[in-house]
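The sequence and the structure are shown first, and the description follows.

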Amino acid sequence: MSDHPEVDELTLAELRAEIAEIDHELVELIARRTYIAETIASVKQRQDLPTTDRDQEGRVTTRAAELADRFQLDPLVVRRVFEELIELNKSSQRQRREDS
């Protein structure tokens, strides 16, 4: 039994549907984050700034780890997820620079 009686009432199918909905929202948020990162890439390119900003990356992953801790998630796992998101964006930024 969980600490949330309403969850205990849900069927496996309902729980899986809830996960599917959350997955959809996560992908939408990743797409939104990627769009903003591409906008940042354009600004960096116009200002002749490097693609990689290790200080900013550190701030992002530290913030994510701190948030994870507040939500009782493993900060290292969440940090790795954000490192992957950052790498995805940097890869896209590098590709964009090569194409221009």
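## Overall arrangement of the chain

In this predicted model, 63% of the contacts in the chain between residues at least 6 apart in sequence join residues at least 24 apart. The chain contains 4 helices and 0 strands, and its pattern along the sequence reads α-α-α-α. The radius of gyration is 18 Å, whereas the globule rule gives 13 Å for 100 residues; the chain is therefore more spread out than a compact globule. Along the principal axes, the C-alpha trace spans about 55 × 25 × 15 Å.

Of the 100 residues in the chain, 18% are buried. The accessible surface amounts to about 8100 Å², and carbon and sulfur atoms account for 56% of this surface.

## Pockets and cavity

Rolling a probe the size of a water molecule over the atoms shows where empty space is left.

| Space | Volume |
|---|---|
| Largest pocket | About 580 Å³ |
| Second largest pocket | About 370 Å³ |
| Largest cavity | About 30 Å³ |

The largest pocket is lined by 18 residues. Those nearest its centre are Leu26, Val78, Val81, Phe82 and Leu85. Three helices, α2, α3 (54-70) and α4, each supply at least two residues of this lining. The largest share comes from α2, with 6 residues. By class, the lining of the largest pocket has 15 nonpolar and 3 charged residues, and no polar residues.

The second largest pocket has a lining of 15 residues, of which Arg33, Ala37, Ile40, Gln56 and Val60 lie nearest its centre. The elements that give two or more residues to this lining are α2, α3 and α4. Helix α2 provides the largest share of the lining of the second largest pocket, 5 residues. By class, this lining divides into 5 nonpolar, 4 polar and 6 charged residues.

The structure also holds 1 cavity of 30 Å³ or more. Glu38, Ala41, Asn89, Ser92, Gln93 and Arg96 line the largest cavity. Helices α2 (12-46) and α4 (75-99) each supply at least two residues of this lining. Helix α4 gives the most, with 4 residues. The lining of the largest cavity comprises 1 nonpolar, 3 polar and 2 charged residues.

Is glutamate 57 buried or exposed? This residue lies in helix α3. Its relative accessible area is 17%; the limit for a buried residue is under 20%, so glutamate 57 counts as buried. Which residues does glutamate 57 contact, leaving aside its neighbours within four places in sequence? The contacts are with Thr52, Ile86 and Lys90.

Most residues other than glycine have a negative phi.

Aspartate 48 is not a glycine, yet its phi is positive, at about 55°. The place of aspartate 48 is in the loop between α2 and α3. With a relative accessibility of 69%, aspartate 48 lies over the 50% limit and therefore counts as exposed.

Glutamine 72 is likewise a residue other than glycine with a positive phi, in this case near 60°. Where in the chain does glutamine 72 lie? Its position is in the loop between α3 and α4. The relative accessibility of glutamine 72 is 75%; a residue is exposed when this value is over 50%, so glutamine 72 counts as exposed.

## Summary

The predicted model is a chain of 4 helices and 0 strands that is more spread out than a compact globule. Helix α2 provides the largest share of the lining in the largest pocket and in the second largest pocket, whereas α4 gives the most to the lining of the largest cavity. Glutamate 57 in α3 is buried, while aspartate 48 and glutamine 72 are exposed.

Key. Residues are numbered from 1 along each chain as its sequence is written. This is a predicted model: local features need pLDDT of at least 70, side-chain atom pairs count only at pLDDT 80 or more; totals for chains, interfaces and linings use all residues. Side-chain values use heavy atoms; hydrogens and water are left out. On a 1 Å grid over the protein atoms alone, a cavity is a set of points where a 1.4 Å probe fits but cannot get out, and a pocket is an open set with protein on both sides within 12 Å along at least five of seven lines; lining residues have an atom within 4 Å of a point. Grid points are joined across faces, edges and corners, and a volume is the space filled by probe spheres set on the points. Ala, Val, Leu, Ile, Met, Phe, Trp, Tyr, Cys and Pro count as nonpolar, Asp, Glu, Lys and Arg as charged, and the others, Gly among them, as polar. The radius of gyration is taken over C-alpha atoms; the globule rule is 2.2 Å times the number of residues to the power 0.38. Buried means under 20% relative accessible area, exposed over 50%, partly exposed in between (1.4 Å probe, protein chains only). Contact means heavy atoms within 4.5 Å. Accessible areas come from the Shrake-Rupley method with a 1.4 Å probe; for residues, only the protein chains shown count as cover.
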